[in-house]
Amino acid sequence: GEQVEQRPPHLSVREGDSAVIICTYTDPNSYYFFWYKQEPGAGLQLLMKVFSSTEINEGQGFTVLLNKKDKQLSLNLTAAHPGDSAVYFCAVNPAYQGGRALIFGTGTTVSVSP
Amino acid sequence: DAGVTQTPRHEVAEKGQTIILKCEPVSGHNDLFWYRQTKIQGLELLSYFRSKSLMEDGGAFKDRFKAEMLNSSFSTLKIQPTEPKDSAVYLCASSPDRANTEVFFGKGTRLTVV
């Protein structure tokens with residue numbers, strides 16, 4: 001079945017710097033991909049969803065890239081600020097037709113210092 | 001519009017006790033998930049329901065963990081008997097669509113087993 005690896009587990013950056021988190025998945029048939037953000041004491045909040053037909057998505061302060069050839073999904077925090085400090089998870093939906101739960105990476109703890 | 005509601009937010013149990021965690025999904029959502037979150041393992045699927053039918057369960061959790069959907073707006077997760085290694089955050093989530101492109105998470109229940 002699908003397996004998802006996420007790296008790095010921890011990331012410390014200065015305010016204004018960029019940070020990259022990478023997830024690698026194994027099933028070439030996986031179709032939907034997600035990035036979630038979890039702040040302390042809160043549930044997971046959806047940041048971005050990416051489908052196989054989309055390669056690059058830009059959000060507020062971040063960019064998501066899907067590389068189907070290498071089976072990689074990346075999240076690039078551009079010009080990080082302290083509000084970006086959180087745990088970030090990638091997730092993969094392994095079934096195009098539905099009927100499967102999301103499979104998550106192990107998370108990256110991002111700390112942004114002033 | 002209420003999100004996913006989990007109660008209690010914190011639970012302390014003695015080893016061997018039975019505990020029941022509760023979840024109310026977003027109104028109208030047909031898919032409901034239970035995940036266990038730990039720092040080492042990340043998010044692990046416990047159970048996935050669609051329209052109250054069990055679609056998927058985490059094989060490692062079958063013996064002492066039982067999730068049920070009593071109706072479309074209420075689910076419980078029973079752990080019996082609890083062990084210290086069950087200490088974790090238990091997350092409930094729901095989704096309105098079959099492909100699970102929008103999964104909404106509750107804030108979780110932090111369980112400590114002593």
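This is a predicted model: local features need pLDDT of at least 70, side-chain atom pairs count only at pLDDT 80 or more; totals for chains, interfaces and linings use all residues.
Residues are numbered from 1 along each chain as its sequence is written, chains are lettered from A and ligands numbered from 1 in the order in which they are written, and side-chain values use heavy atoms, leaving out hydrogens and water.

Back to the cavity. Its lining is made of Pro25(B), His29(B), Asn30(B), Leu32(B), Ser51(B), Lys52(B), Met69(B) and Ser72(B). The space inside is about 40 Å³, and the structure holds one cavity of 30 Å³ or more. How do we find such spaces? Rolling a probe the size of a water molecule over the atoms shows where empty space is left. On a 1 Å grid over the protein atoms alone, a cavity is a set of points where a 1.4 Å probe fits but cannot get out, and a pocket is an open set with protein on both sides within 12 Å along at least five of seven lines; lining residues have an atom within 4 Å of a point. Points are joined across faces, edges and corners, and a volume is the space filled by probe spheres set on them.

Now to the interface. Here 23 residues of chain B are in contact (heavy atoms within 4.5 Å) with 21 residues of chain A. The two chains bury about 1700 Å² between them, 52% of it on carbon and sulfur atoms; that is the accessible area (1.4 Å probe) lost on putting them together, summed over both. Leu43(B), Thr101(B) and Phe105(B) supply 28% of the area that chain B buries against chain A, more than any other three residues.

How many salt bridges are there between chain B and chain A? The count is two, taking a side-chain nitrogen of Lys or Arg within 4 Å of a carboxyl oxygen of Asp or Glu. Glu102(B) forms a salt bridge with Lys49(A), with the closest N and O atoms 2.7 Å apart. On the chain B side, β4 (31-38), β5 (42-50) and β6 (53-57) each supply at least two of the residues touching chain A. Strands here are DSSP runs (E, at least two residues), numbered from the N terminus. The largest share, five residues, comes from β5(B).

The largest pocket has about 640 Å³ of space. Of its 25 lining residues, the closest to the centre are Gln38(A), Val87(A), Gln37(B), Lys39(B) and Arg110(B). β9(A) gives the most to this lining, with three residues. By class, the lining has eight nonpolar, twelve polar and five charged residues.

The second largest pocket holds about 420 Å³. Among its 22 lining residues, Glu2(A), Ile103(A), Leu43(B), Glu44(B) and Leu45(B) are the closest to its centre. Which strand gives the most to this lining? That is β5(B), with three residues. Thanks, everyone!

How values were computed
Helices (H or I, at least four residues) and strands (E, at least two) are DSSP runs, numbered from the N terminus. Ala, Val, Leu, Ile, Met, Phe, Trp, Tyr, Cys and Pro count as nonpolar, Asp, Glu, Lys and Arg as charged, and the others, Gly among them, as polar.
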